Amino acid sequence: MLFNSIHFLIFFPIVTAVYFLLPHRFRWAWLLGASCYFYMVFKPVYVLILAFTILIDYVAGIWIEKSEGEKRKWFLVASIFANIGVLAFFKYYNFLDESLQNLVDTLGLGIPTPPLLKILLPIGLSFHTFQSLSYTIEVYRRKTPAEHHLGIFALYVMFYPQLVAGPIERPQNVIHQFKERHYFEYERVKLGLQLMMWGMFKKVVIADRLASFVNVAYNDVHSYTGISLILATVFFAFQIYCDFSGYSDIALGSAQVMGFRLMLNFDRPYFAKSISEFWKRWHISLSTWFRDYLYISLGGSRVSRPRWYFNLFFTFLISGLWHGANWTYVIWGALNGFYLIAEMQWQGVVENFKSRAETGFQRFALNLVLVLFTFSLTCFAWIFFRANTVGDAFYVVRHLFDGLTTLPADVFSMPFVKLRIMLGKDKWDFILAWAGIAFLLFTHYLQRGTSGRTILNRQKIAVRWAFYFALVSAILFGGAFNESQQFIYFQF
């Protein structure tokens, strides 16, 4: 089920109302049933895959807790093998098979390869796989007890707000919440609905409008050069942010309405002044997952410098592969790994400039340069994330600056704008796209010291309700409610 659908508009209030009306002892069952229905709307049979991994990890967790010595490790290995095996089969089998076939053809070996399979990737498989793995790993590390209630454990994996696109939670943060008694509290419900409304605005008003421009260019890159590709790439940067953070806001908000606290997944990432800071602000639940379970397990920074660089690079390489079975994602991950290693080399230079900035204006100018530089590097990497093929990505890279030195004198004349900048779209769509980005950046600037909801709730009631009316009107009349316009991260 999509958050940006009429189906969810009916589903959410019914599930929430019944949740509060039911006695506490039945609520977990109601939420589990609702979550199963939420997932089965996509493709019912795939709920069996979740049931398989849930049973494996439930049993593994109990036996890990009971066992000592090598047995504990073997039960953990069984859990990891089952989860990664399912993920590898559905997500990477055809990718690896095609890559092997290309290698065989290139080398002229004439060796037969396994046939491709006609299988669809289950929605959100990477997310709930990682959430299940975090449970068995945390039990193995003795940081959380095994959950003996099968229904509660199943709900931990399948809780509908974050089932298909995160945030990827840890068991010690969530499982105990399913056992707590939650009451209807006006202030908490209001805060949750505010967050849901903001998330919906980011998705259907900003992200989906930007998507129409991005898709025109990136689905036919060879028809565009220069400024068109630059704008399409910048638009994609804001599209993917508003799309994914919009989903996370709706997830956190819908959970908060019922009394559940999920972890923050985004923290104004495009205001980051370095790549390392960006990854502390972007998809926080995934970046911390890789940090805690892969990077630190490899030795983290507690090793020689060459090995440290390898740990960073390898972690981001795997992160890229996690995002999709395509070499474009691998290159995207490798680029970000390279950025971080390079950043370590120039960090001394940046710190030197910071120490020399004496006035407030100098510090502001330096921070602005760092933000724009970080955003530019991120956008360059997004080229490989968004491109349909590696060939398309390198075409964009080669032609990104074509024609910029020979722009017409009247650069904003309507014929030029219509043909080159607006990618054939209506001029009002173009204006509204930039207006959405400007509004987003303005609200993020206001949030630099506190949350947007805190700022809003400090205002008089007339101001708050005027804001609600404006935002809801923008969603209803300016949003793109298209069932085919799924959230980008559903494909992962």
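Predicted model: local features only at pLDDT ≥ 70, side-chain atom pairs only at ≥ 80, totals over all residues.
## The nonpolar core

The largest nonpolar core of the model holds 134 residues, and those with the most contacts inside it are Phe8, Tyr270, Trp282 and Trp382. Helix α9, which runs over residues 227-258, supplies the largest share of this core, with 18 residues.

Once neighbours within four places in sequence are left aside, Tyr270 is in contact with Ala237, Phe238, Ile240 and Tyr241, with Phe278 and Trp282, and with Val371, Phe375, Thr378 and Trp382.

## Thr233 in helix α9

Helix α9 also contains Thr233, which has a relative accessible area of 5% and is therefore buried, since that word applies to values under 20%. Apart from its neighbours within four places in sequence, Thr233 is in contact with Tyr218, Cys379, Ile383 and Val396.

## Helix α3

Helix α3 comprises the 20 residues 47-66, and at 1.5 Å a residue it should span 28 Å; the C-alpha atoms at its ends are 29 Å apart, which agrees with that expectation. The buried residues of α3 are Val47, Ile49, Leu50, Thr53, Ile54, Asp57, Tyr58, Ala60, Gly61, Ile62 and Ile64, a list that includes the polar Thr53 and the charged Asp57.

## Helices α5 and α6

The axes of helix α5 (residues 125-140) and helix α6 (residues 150-158) come within 9 Å and cross at roughly 135°, and the two helices are therefore oblique to each other. On the α5 side, His128, Gln131, Ser132, Ser134 and Tyr135 take part in the contact, and they meet Phe153, Tyr156 and Val157 of α6. The residues of this contact divide into four nonpolar and four polar, with no charged residue.

## Two residues with positive phi

Arg142, placed in the loop between α5 and α6, has a positive phi of about 60° although it is not a glycine. Its relative accessibility is 52%, so Arg142 counts as exposed, for which the value must be over 50%.

His283 likewise is not a glycine and has a positive phi, in this case of about 40°. His283 lies in the loop between α10 (275-281) and α11 (284-295), and because its relative accessibility is 1%, His283 counts as buried.

Definitions and conventions
Residues numbered from 1 in each chain as written. Heavy atoms only, no water. Core = buried A, V, L, I, M, F, W, Y, C linked by side-chain atoms within 4.5 Å. Buried < 20%, exposed > 50% of the residue type's maximum accessible area, 1.4 Å probe, protein only. Helix = DSSP H or I, 4+ residues; strand = E, 2+ residues; numbered from the N terminus. Contact = heavy atoms within 4.5 Å. Axes fitted to C-alpha atoms, helices over the stretch in contact; angles between N-to-C directions. Parallel < 35°, antiparallel > 145°, perpendicular 65-115°, else oblique. Expected span 1.5 Å × (residues − 1).
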